[in-house]
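Here is a short briefing on one protein model. It goes from the overall layout to selected side-chain pairs.

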Amino acid sequence: MPAQRLLRLSAATALLAASAGCATAPGDPYYSGVYAPTPVYGGGIVYDSPGYATYPAYPVVRPGHDRWEDMRDERERRAWRQRQAERERAEHDRLERERDRARWERERERDHQRAQREREERARNDAQRQREKWERERRERELAERQREQRERASRNNRNSDGTPRTDYDRYNPKTGQFLPRSEDMP
């Protein structure tokens with residue numbers, strides 16, 4: 001019984017589908033090979049059937065919306081664009097100031113480091129000059145000391161190198177009152 005009911009239902013569905021719109025109306029441009037096409041000049045009725053009328057398209061009328069509101073909307077959009085441009089300009093200026101400040105700090109740090117290096121260089125140079133001066137003074141003192149010792153040695157011709165009095169009277173010059181120099185005292 002359910003099979004017979006199913007068969008009746010599917011037959012009724014097919015009949016309804018065929019009668020409801022599966023067939024095309026004459027003059028349909030999609031099926032131009034089957035039916036003679038209806039010419040369409042500047043828009044008009046495609047189907048000859050009186051059930052398919054075409055209506056003209058009228059402009060959309062917005063209730064309560066007039067040109068003053070359009071002008072106000074345009075002013076608001078322009079003001080928004082100006083505010084946006086102002087925000088972008090302010091952001092750009094802020095970034096530029098930050099870059100300038102960072103550049104200024106880098107230059108200041110570089111100048112500070114350069115001044116520090118110059119001070120250290122000057123201190124090293126001063127220390128080097130001071131060491132050279134002390135070394136020169138030490139050499140001059142040593143030279144002066146050697147010269148003084150040589151003069152003393154030359155003047156104490158009457159003493160031996162160990163400081164004892166000379167006893168070699170054969171080298172004594174009574175006219176000058178001094179001993180003649182010995183070969184070991186000679187340069």
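Of the contacts between residues at least 6 apart in sequence, 4% join residues at least 24 apart. The model is predicted. Buried residues account for 4% of the 187 residues.

**Layout**
- The protein has 2 helices and 2 strands.
- Along the sequence, these elements follow the pattern α-α-β-β.
- Helix H2 covers residues 67-155.

**Surface**
- The protein exposes about 17100 Å².
- Carbon and sulfur atoms supply 54% of that area.
- A residue counts as buried when its relative accessible area is under 20%, and 4% of the residues in the protein are buried.

**Salt bridges: the count**
- The structure holds 16 salt bridges.

**Glutamate 74 and arginine 77**
- These two residues form a salt bridge, with 3.1 Å between the closest N and O atoms.
- Glutamate 74 is partly exposed, at a relative accessible area of 29%.
- Arginine 77 is also partly exposed, at 42%.

**Aspartate 126 and arginine 129**
- The side chains of aspartate 126 and arginine 129 meet in a salt bridge, at 2.2 Å from N to O.
- Aspartate 126 has a relative accessibility of 40%, so it counts as partly exposed.

- Glutamate 135 and arginine 138 form a salt bridge, and their closest N and O atoms are 2.1 Å apart.
- Glutamate 135 is partly exposed, with 30% relative accessibility.
- Arginine 138 is partly exposed too, with 31% relative accessibility.
- Salt bridges with shared partners link Glu135, Arg138, Arg139 and Glu142 into one network.

Key
Residues numbered from 1 in each chain as written. Predicted model: local features only at pLDDT ≥ 70, side-chain atom pairs only at ≥ 80, totals over all residues. Heavy atoms only, no water. Helix = DSSP H or I, 4+ residues; strand = E, 2+ residues; numbered from the N terminus. Buried < 20%, exposed > 50% of the residue type's maximum accessible area, 1.4 Å probe, protein only. Contact = heavy atoms within 4.5 Å. Areas by Shrake-Rupley, 256 points an atom, 1.4 Å probe, with all protein chains shown as cover. Salt bridge = Lys/Arg side-chain N within 4 Å of Asp/Glu carboxyl O.
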